[in-house]
Amino acid sequence: MNNKILESIQVSKFFHDPVDIQVLKDINFSLEKGEFVSVIGKSGCGKSTLLYILSTMDTDYTGNVLIDGIAMRGKKEADLAKIRNQKIGFVFQFHYLLNEFSVLKNVMLPGLKWGNYSEKEVEHRAYEKLKILGIENEAFKKPNQLSGGQKQRVAIARALINDPLIIMGDEPTGNLDKKNSEIVFEIFKELAEEFNQTLLIVTHDNEFAERTHRIIEMQDGMIIKDQKIKK
Amino acid sequence: MNFKLIIDVSVSLLLARWKQTLVAAIGVTFSITMFIALLGFMSGLNDLLDGLVVNRTPHVRLYNEIEPTKDQPISLSRKYSKDYNFISSVKPKNERLEIYNNGAIMNALKKDDRVLGFAPKITAQVFYNVGAIDLTGVINGVDVEAENKLFFFKDYVTTGNYIDLKNIPNSIILGKGAAQKMMANLGDVIQVTTTKGERMQLKVVGYFESGLQDIDKVQSYASIGTAQKLLGESNSYITDIQIKLKDILMAPSVAKEYAHLFDLEAVDIQTANSQFETGSSVRTLISYAVGITLLIVAGFGIYNILNMMIYEKMDSIAILKATGFSGADVNRIFITIALTIGVFGGLLGLIFGFGLSALIDQIPFNTAALPTIKTYPINYNPKFYMIGSIFSIVTTYLAGYFPSRKASKIDPVIIIRGK
């Protein structure tokens, strides 16, 4: 029970505009520490919507989400921001790096926001993360000087900076070519297997999904298949 | 720590769009500069114009008005006390303009703590004789030293030395206009005739320039003794006592008190020159209105620029929020941006405003009306600088508040999903 890092209890969501549509129907599942999970399904099946609810960014739903055993329902915006900052790392389809800052500073920002470490330590940790991802040589460049694959790796480093409980990805390889997708996948795999990092990745790349440890398949707002893959 | 981070992010956003930032800051700088310079200049002019009147006008003037008696004999009669009476065409009786028992009055004034000083005066109607023509005029008999001390007499005597009026017997300082009409030079002797037909010869020792041409054409100054001699009166004869108080605002109440106490007419400066006070307060109002309009316009400039910045930075705001910055943090970032623009722009504005004021202060301004003024007047009242700096911060804060509130409410999901 204490190993449950993320739990979704009876999560439902409606879109009201233009007509009432139920996009998620009583989603129940949980994630344990160190799991490498992918969520697949056709476009519009509600997988991204679920991810944003689990990430606390979307608060307009029924049911409840527990992160590290703590209920997210009814928490204030500032508290949710704190949880996103400390417990969740994000990787999106688009990298969303801030061009005003150097690569290193981009990685440091969530760490500085937390304020758990001194600026020097955060800088050191950020540099370590970049090293794990093999892009420490680009640390002082601006994000717009990097290639797409490198940018996505910087985004992963940013997600890792506060040692989150879970990393969530919304089609992190969706914008990348074959080679870069491979690199990103290898990074995720390494994180899961060597660092025991929990990962929840939404994707529609079945090849990608098949190589993860667990596949959750969704259709019409419901989980239709939840299978673990034996290695 | 957190505060430092917010400043860090704000500064980066500012510098990333430094051209826009500069435009916004220049807007604030310009408006504060103009606000300071405009108010300094306007109130400098105001003080100058007020000074024209206030310097030379007694705060309270005591005199004897020739007027019909207020109490007609019938109203004193007990028999008709319950009746109404109407008396038409009442005339004043033969009364002198002299202030009776003025020695005692002046002694009482000397003892009054509220009084800064007083100057006795005689007003005499005369004709200046120029060949066959007589020009009407007024000779003011003044106590030269008191007049100079209280009403800056020296400043208005443009030619000749004012003290000669006291030292040279039977001397006169002519109004500039009157002197020109008579073609009287310094040292010339002119002849005047009083209303009673007495003639007297007076030596011209100076010219007097008040700034008001109509007055300069008519008025002249002589010493009290000369005026008494001219009118054929004793040396206790005076017609006016001009009083200057320590606090000008007390004038109305003091005037009322003296009128009652000495049984004389007493006019205070506020009543005598109410139009000046109205004029100067309206001018102040106009300059404040213009200044504040400038600041508000600058505020809208900042508002627009921040608004645009927020639209451009939607993605950044979304990702900051996704990685743990709360709405309040985002709010603070944009408020910091606005205040930075306001503080730096405002500070430069204060400096430039002071510079522009100093520059205007150097521009020559020579006018016949104001002999003592050589350059444009400027008022360096710190109050304007205070108002300017407070207003620049308040406007920029408000200009930043609304866009930043919008930024803080941006939902990251909508932006991230929208890609």
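Predicted model: local features only at pLDDT ≥ 70, side-chain atom pairs only at ≥ 80, totals over all residues.

User: How many residues lie between E1(A) and E2(A) in the hairpin?

Analyst: Five residues lie between these two strands of the hairpin. For a landmark across the pair, take A:Ser8, whose bridge partner in E2(A) is A:Phe29. In a regular strand the side chains alternate between the two faces of the sheet.

User: Let me pick one residue there. Is A:Ile5 buried or exposed?

Analyst: To judge burial, count the C-beta atoms around a residue; 20 or more within 10 Å makes it buried. A:Ile5 lies in strand E1 (residues 4-15) of chain A. A:Ile5 has 21 other C-beta atoms within 10 Å, so A:Ile5 is buried.

User: Which residues does A:Ile5 touch, leaving out those up to four places away in sequence?

Analyst: They are A:Leu31, A:Glu32, A:Lys33, A:Asp68, A:Leu165, A:Ile166 and A:Thr198. A:Ile5 and A:Ile70 are 65 residues apart in sequence, while their C-alpha atoms are 9.5 Å apart in space.

User: Now the sheet. In what order do the six strands of the open sheet come?

Analyst: Read across the sheet, strand by strand. In chain A the order is E6-E7-E8-E3-E9-E10, with mixed pairing. At the edges are strand E6 (88-91) and strand E10 (222-228) of chain A, each pairing on one side only. From one strand to the next, the twist averages 20 degrees.

User: Do E3 and E8 of chain A run parallel or antiparallel?

Analyst: Strand E3 (residues 36-41) and strand E8 (residues 198-202) of chain A run parallel, joined by four bridges. A:Val37 stands opposite A:Leu200 in E8(A). Across E3 and E8 lies helix H6 (residues 178-194) of chain A, running at about 150 degrees to E8(A).

User: On to helix packing. What should I read off?

Analyst: Two packed helices are described by the angle between their axes and the distance between the axes. Take helix H13 (residues 274-312) and helix H15 (residues 327-362) of chain B: the angle is about 145 degrees and the axes are 11 Å apart. H13(B) passes H15(B) in a right-handed crossing.

User: Which residues of H13(B) and H15(B) meet?

Analyst: From H13(B) come B:Ile302, B:Leu306 and B:Ile310; from H15(B) come B:Phe334, B:Ile337, B:Ala338 and B:Ile341. By class, this contact has seven nonpolar, no polar and no charged residues.

User: Which residues touch the most other members of the largest nonpolar core?

Analyst: A:Val107, B:Ile302, B:Leu306 and B:Phe334 do, in a core of 111 residues. Helix H2 (residues 18-54) of chain B gives the most to this core, with eleven residues. Apart from it lies another core, of 50 residues, including B:Tyr128 and B:Tyr258.

User: Last, the interface. How many residues of chain B are in contact with chain A?

Analyst: Count each side separately. 22 residues of chain B are in contact with 25 residues of chain A. On the chain B side, the elements giving two or more residues are helix H1 (2-16), helix H14 (314-322), H15 and helix H17 (412-417). That side has eleven nonpolar, seven polar and four charged residues.

Technical notes: Residues numbered from 1 in each chain as written. Chains lettered and ligands numbered in written order. Pairing = 2+ DSSP bridges. Axes fitted to C-alpha atoms, helices over the stretch in contact; angles between N-to-C directions. Contact = placed C-beta atoms within 7 Å. Core = buried A, V, L, I, M, F, W, Y, C linked by C-beta atoms within 7 Å. Buried ≥ 20, exposed ≤ 12 C-beta atoms within 10 Å, placed from the backbone. Left-handed = near helix turned anticlockwise from the far one by under 90°. Nonpolar A, V, L, I, M, F, W, Y, C, P; charged D, E, K, R; others polar.
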